[in-house]
Structure formats: structure tokens, C-alpha cells
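The report below goes through the overall build of the chains and then turns to a few selected residues. Please keep the sequence and the 3D view open while reading.

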Amino acid sequence: MPQLRDSRDTGAEHGHAGAEHAHDFARIFGVETEYGVAVTESDRPVDPGQVAMTMFRPVVSRSRSTNTYLVNGSRLYLDVGSHPEYATAEAVRPMDALAQDLAGERVMRRLALQAQESLHEGYGQRARIHLFKNNVDSAGHSFGCHENYLLRRQVPLSAIEHELVPFLVTRQLFTGAGRFTADPTVEDGFEISQRAEFLDDAVSSSTTRSRPMVNTRDEPHADSDLFRRLHVIVGDSNRSQTATWMKMAITHLVLCVIEEAWRKDAVSECASMTLADPSEAIRAVSRDRTGTAPVTLADGSTTNALAMQRRYHDIVSGFIDRHADAMAAILPDYEQAMALWSQALDAIESGDWRRLASWVDWAAKLQLIQAMRRRDPNLSDARIRQIDFDYHDIVNGTIFPRLERGGFIRTMVDEAHIEQAVEQPPADTRAALRGRFVREALRTDAHWSCDWTHVSLIGPVKLEAEMLDPFDPRPDDAYDAVLDTLRSL
Amino acid sequence: MPQEQRSAQSSDLTQQETDQQDVTRQEGDFAEQASSLDSLLDDIESTLETNAEEYVSSFVQKGGE
């Protein structure tokens, strides 16, 4: 008689990959960033799409694919006419994911500079490539920074919609990257979020081709009996390291609260904030830097982003009290995360958002433009938009590095750590296995491939190993056989 | 092993925070650091490409995800 499966069956009894984490709060984190590409100061017209392909030539040629994995276990992706994309290797803590995300900036930057060199011959010595870690181009086309969180399977999609989405809609108070826009309906021409205008439904609707804020995927990134992958589409691309870290750390804590409740088959307290219309709410919040724009809840009552974030903060504080012994394991530096969260809400509530300019991207950007306007009241809209883009340019941008160097924006990871993350995968996830495989494979002429769950030798020998548990960095016999074979080539 | 890594990372963070506190600069409001702000704005203005319209209009791509 086949076992009937219900959502409470964690499968832990059946020895499934990752079973040791079915009942705790361990999580796998990932960030996938699509970059915008532009070329300026060229002697003649050039197609950015072509430039992107040129950028990736050194990587594509050695892996024979537009989808290629690096020695640090991360993934580079480029398709014709697409945005170059970097997806971080699996990490078990936000700090490691942050280091990997910064490693991605370095990798992308190096590829772009190499391509820029090769452009000089045909397009002039002044030609410059720009890679924008942001979410909108000058014509209003949007692209994403997606977060991935491993989620326990007991949590239904409806819980994500009702309990997490209200948090995602309002977290832009501290995660928003800010956007100067020519849209005449936006007061002051400034929004706190890059992405708010471009998100439609909370979750995927099969009837529309809209862009949802979040979806879940039952992919074999881990044993699908225990976990699924939560894919958050609504986030902005952040430059501020602290904002990137906070985005993941606080979302993780809210997910812990939701998982804790659903382990007992109950909704969490977060359900009290279910929104009437997430798409309307996210736009209202984005256009207001006081956090007080009215937001309607599903029960018909009215609240605002500040009150909602305060409520989430209180709920998470309750979770922390219940799990005091385990908090260091759940989120190292959780005290710093909670303090920064309060600080952000306090600053916005008192109208003092400028105090956040050291770690909240929208505040840093707006503060800068206001300072420039004071110096030059005739600052043009084009100049403002140029500054907005330059802030996100990881290749030739001057503003953001200058802000970091001058101590105006705080950092969390030093250069040595970032360099290490370029070369090394996290040692405590299956990324360690993938990174080691790629490093060995690159030393040979072998034909190889890999994806998130497999490493494969294709030629001269056919051999493969599977890695279903993202938490497990330990090689098994099949993996050892693949590596041994590689080393013998 | 993971335990050692965690404590190594925590102490790195503490070191960074100490380093940052050593930097004689207050966080937050740029206006409190008037002279360093002026030099920041000078630097930025001098390095931005002069043709802002061209710079902005060069960044157009089809949308992504």
C-alpha cells in the first residue's frame, strides 16, 4: 500500500537528504542578480547585448555553455539578448551569502574590464562598459535580484502569500535601493524602491503573464519531500553590504516564525497583516518615505508600512525569546540585525531618515542628490538619473566606491574575505563539492558539466555524482570516483 | 569544524567594527561632515561623464525577470 503523503510528513524517517534539518531552523540562502549592461563614449554605435556576449567569451568557451559554474560554486548565466546573471553558491548564513554576492560583483567586473580592453580596438580608447547592479534601465524595463530561501514543506503557498508577502511589501523601508523617475505621478520624482512599480501579483497566477512578488519551486535542489525553494522576486539589487545582509537576515527570521507555526499546523501571528491588495500596497509604500501611506489589510482595516514592520519586529522578538538558547545557531549576529531593524524604523518614524544613509541605499542616494541640489539648484534631471545609475555601476561607477572609502557607507566584509569568496565556495554546503569539481575539471581537457545537484564527466569518460542535500559538504563514493577520474586525466 | 568557522567569522566582524569605530567619522547624516562632504561632491562631479543625457540614454535593454 503506497504511503499517502500529507504536508506534515517530513520524511525524516525515510533517511531523506537534509533530514537532520527538517525540525530546526537551518536555511540555505542564495541571491541571483541580473545586471544591466551599457556602453558609453564609443566611437560608433555598439550593441550592449553583443558586449555582454564578449564579456562571457572566456567563460563560455571553456564550459561550452551559456550556463557555467565557477570554482567558488556559483553560477554565471548569459543568454542572447539577456542580462548577465550571477547566482551565489549555497550558503547557510546571510554573511556567507553576502560575501559570495560581493564575489559576484568582482567576477563580473573583471569580465567587463577584459571586454572593455578588447572594445578599444574597434570602438576607441574611451569606450566604457557599465554593469548596473540595479533593477530598471532608462526606458523603464525592469530586471531582478532574486533571493532564494530553503523552506520547510509544511508551509503552504497560502502562508507565504498571507504571512510573508506583507513583510516583503513593507521591508523596502530598509531594503529599498531608491529610484529617481521621470514619472509625473511620483511626487518629488523619487521612490524608495526600484522594483515596486514592476511587480503585479503576490504569487503566480496561471491566468496572467504578470511578474509575481514571490513563488515557490519544487525543484530537486534538496529532497523535495522535506523542503521547497522559496523564490523572492520583489527585492531590489542593493549596493550597501549591510542592506544586502539585512534583507536576508530579517527575511530569514520572519520565515522562522512562519515555519515554527506551521510545524504545529497553525497560522503564525503574521497572518494578522494579510494585505487586501499587495500590488497596490507595494506601490503606495514605495512612493512615501515616511512609512505612513495608508495600506489596507484583508480584514478591511487600514494601517501603514511602519506599523506593519513594527508588528513584524515584535513577533520576531517573541520568537527570539522562545529560542534564546539556539539563536546563535539560527542567525549569528541576530542582535545586530534586530538593532539595525529598530534603528531603521525609529529613524523613519521620527522623520530622520538621513541617519540611515550609512546603510540604507535609498537614504544614501537621496541624501547625496539633496546635497548636490543644495550646491547646484539647477541640477538637471538627466544628471540626477546619471547619478542614480552610476551608484549601481560596478565596473566604472565612481560614486559608490567613493562613499565606502570615505566612510559614508559602512561595510561588513573586508577585501580579503571577498577575494577568498571569489576563489573558494562556502565550506559547509554542497557548494564545496561543486567548487572543488570545477577547479579540478578546469585543470584538464575533459568535457564536463554540472548543475546545482550534479557533477558530471562527459568525456573522455562518462561518470556522474549526485548531491541532493544542500547542507552536506561531504563527498560520497560516487563523487570521489568522479574526482579521482578527473585527477587521473 | 563549522563551530570554528563561525567563531572566526564573529571575531572578524568584531575586528571590522572596531576598525570602523577607529575611523573618526560619525555615521549617518552626511551634513555633519561638511568639509568631507564637499570634497566628496567635488570628487563625484569631476569624475562623472560630462554628457549626462547620452549616458542615461545608452542604458536601454529588454526587460529581464
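Helices (H or I, at least four residues) and strands (E, at least two) are DSSP runs, numbered from the N terminus. This is a predicted model, in which local features need pLDDT of at least 70 and side-chain atom pairs count only at pLDDT 80 or more, while totals for chains, interfaces and linings use all residues. Residues are numbered from 1 along each chain as its sequence is written, chains are lettered from A and ligands numbered from 1 in the order in which they are written, and side-chain values use heavy atoms, with hydrogens and water left out.

**Around Thr88(A)**

Thr88(A) sits in the loop of chain A between β5 (85-87) and α2 (94-123). With a relative accessible area of 4%, Thr88(A) is buried. Contact means heavy atoms within 4.5 Å, and when neighbours within four places in sequence are left aside, Thr88(A) is in contact with Gly30(A), Val31(A), Ser74(A), Ala97(A), Gln100(A), Asp101(A) and Trp452(A). A polar contact is a pair of N or O atoms within 3.5 Å; within protein, one must be able to donate a hydrogen and the other to accept it, and residues adjacent in sequence count only if both atoms are side-chain atoms. The side chain of Thr88(A) reaches the backbone nitrogen of Val31(A) at 2.9 Å.

**The two chains**

Chain A contains 15 helices and 16 strands. Its radius of gyration, taken over C-alpha atoms, is 23 Å, close to the 23 Å that the globule rule (2.2 Å times the number of residues to the power 0.38) gives for 489 residues, so chain A is as compact as a globular protein of that length. Along the principal axes, the C-alpha atoms of chain A fill a box of roughly 70 × 65 × 45 Å. Among the contacts in chain A with a separation of 6 or more, 70% are between residues 24 or more positions apart.

| Chain | Buried residues | Accessible surface | Carbon and sulfur share |
|---|---|---|---|
| Chain A | 62% of 489 residues | about 18,300 Å² | 48% of the surface |
| Chain B | 28% of 65 residues | about 4,100 Å² | 47% of the surface |

Not counting residues up to four places away in sequence, Arg263(A) touches Ala22(A), His23(A), Asp24(A), Phe25(A), Arg152(A) and Gln154(A). Which backbone oxygens does the side chain of Arg263(A) approach? The side chain reaches the backbone oxygen of Ala22(A) at 3.2 Å, and one of its polar atoms lies 2.5 Å from the backbone oxygen of Asp24(A). Arg263(A) and Gln154(A) are 109 residues apart in sequence, yet their C-alpha atoms are 6.5 Å apart in space.

The buried residues of α6(A) include Ala281(A), Ile282(A), Arg283(A) and Val285(A). Their cover includes α3 (157-170), α4 (172-175), β9 (190-191), β12 (294-296) and α7 (305-322) of chain A.

**Backbone exceptions**

Most residues other than glycine have a negative phi, and most peptide bonds are trans. Asp265(A), in the loop between α5 and α6 of chain A, has a positive phi near 65° and counts as partly exposed at 42% relative accessibility. Asp333(A), in the loop between α8 (327-330) and α9 (334-349) of chain A, has a positive phi of about 65° although it is not a glycine, and its relative accessibility of 27% counts as partly exposed. A cis peptide bond, with omega about 5°, joins Gly459(A) and Pro460(A), and Pro460(A) lies in the loop between β15 (454-459) and β16 (463-466) of chain A.

Terms used: Buried < 20%, exposed > 50% of the residue type's maximum accessible area, 1.4 Å probe, protein only. Areas by Shrake-Rupley, 256 points an atom, 1.4 Å probe, with all protein chains shown as cover.
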